[in-house]
Amino acid sequence: MITKRNVLVVSFALFSLFFGAGNLILPPQLGFKSGDTWLLITLGFCLSAVLIPIFGILAHAKLQGTMFDFAKKVSPTFSLIYCYLVYAISISLPSPRTASVTHEMGIAPFFGSSSLLTSVVYFVLVFIFVINRSKILDVIGKLLTPAIILILICIIAQALFGFEFNFGQTQFDSPFTSGILEGYQTFDAIGAVVVGGVIIVSINLKNDKIPYEQKKSAIAKAGLFSGLGLFLIYTGLVLTGALMHNEFDADTSRTALLSGISIKTLGSTANIFLSILVGLACFTTAVGIVTGTADFVKGRFNNSQTAYLVTAIVGCLLGIVMGQFNVGYIIAVALPALMFIYPITIVLIVLNVVPDKFASKKVFRWVVLTTIVFSIPDFLGSISPLAPKGGTFDWIPLGQYQMGWVLPAFMAFLVTNVVKRPAARP
């Protein structure tokens, strides 16, 4: 039987697995630049950084399968290519980025050690957690997540009660859209389809005799609870940044802003608290990504434990290699991949959540194909030497906001559902 306590532990684990490096450093700067539009910015950010990821968890609860099931209605071959591509991106970029952020904000200021040493120690610890995967939910849910939440609450509470509620002028021409695009940078839609599988497998390991509907309900509840927690924390961080609009230079970087906010709210102990926060938030995300990747490869090789172990080793070695680079470099390298794979991931999540009668194989194929085609301009635009010149794609609705795929994908969904289906047999 799945108890309320089990649901709470899974909720904590989901929160922790989602709340990584990008989630920590992005909201304060959004608020800092948002001025009196901070709430609109928050809603946009939470749309892509909370709602879509939670939909991903709900889709996992419905499918009760692996990431391969997300795209198999397009075709098994496409699903396999998509999965390998997502997992390759995940262990090569977002996972190492967590080590880089940890080094820059939590290690280097205190110890002055090399980024390579940090990366090696960091991913050795990640590997230990990954090979002990049956304990992931308990360790993350019971120990790490409450510590993260406690430190965040301290920072937010000090800002809310210690600073006047006045706001500057917004620096965004389109606050809501800017919030959505900044939410992309968290990689949480991808994280949902990656770490959602970890949650499914972990629950099945402990509750293999529980009926499908009970497990589905428990996962859905955990997703909603974690989503509410993320929304509240993001709102608090954005508002905290907005209240600090007169405290820092306009060109302050994300990491420097977060450090400054921590010092102003927590005083002389700020750097210690911040280093703990960064280490915990980043570490749990890396564990989730590597575990999810290893689970997938293990499934493709007939549940081979050797495949799981080898994938975990490769993922951690890639983390060591990429994790020694600075955060800005990793973000720059990740941008083209993000602009291409993120829209595809979003539409797959949404299609897996809607009722099956509106998500036939035909709908999947046409919507995904349309999304791929209309994502190409954004992908090319992220690689400046290849970017189209002269407003070639200006005619695409929302193209100026780097979301030119949205309306075409929606129209493909409507058209393929309106086209007459063969009548069902009596």
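Helix α6 bends by about 45 degrees at H103. This is seen in a predicted model. The chain has 426 residues, and buried ones make up 54% of them. Its secondary structure comes to 17 helices and zero strands.

**Helix α6**
- α6 covers residues 94–111, which is 18 residues.
- From first C-alpha to last, α6 reaches 24 Å, close to the 26 Å expected at 1.5 Å a residue.
- H103, where the bend sits, is among the buried residues of α6.
- Other buried residues of α6 include P94, R97, V101, M105 and G106.
- After α6 comes G112. The phi of G112 is positive, near 65 degrees.

**Nonpolar cores**
- The largest nonpolar core has 71 residues.
- Inside this core, the residues with the most contacts are F19, Y122, V126, I148, L152, Y234 and L277.
- Helix α13, residues 270–300, gives the largest share of this core, with twelve residues.
- Another core lies apart from it and has 48 residues, including A71, Y184, M322 and L348.

**Contacts of L152**
- Which residues does L152 touch, leaving aside its neighbours within four places in sequence?
- L152 is in contact with F19, L24, I233, L237 and L277.
- Of these, F19 and L277 are also on the list of residues with the most contacts in the core.

**The whole chain**
- Take the contacts with a separation of 6 or more: 84% of them join residues 24 or more positions apart.
- The accessible surface comes to about 18600 Å².
- Carbon and sulfur atoms hold 68% of that surface.

Terms used:
Residues numbered from 1 in each chain as written. Predicted model: local features only at pLDDT ≥ 70, side-chain atom pairs only at ≥ 80, totals over all residues. Heavy atoms only, no water. Core = buried A, V, L, I, M, F, W, Y, C linked by side-chain atoms within 4.5 Å. Buried < 20%, exposed > 50% of the residue type's maximum accessible area, 1.4 Å probe, protein only. Helix = DSSP H or I, 4+ residues; strand = E, 2+ residues; numbered from the N terminus. Contact = heavy atoms within 4.5 Å. Areas by Shrake-Rupley, 256 points an atom, 1.4 Å probe, with all protein chains shown as cover. Expected span 1.5 Å × (residues − 1). Bend = angle between axes of the 7 residues up to and from the residue.
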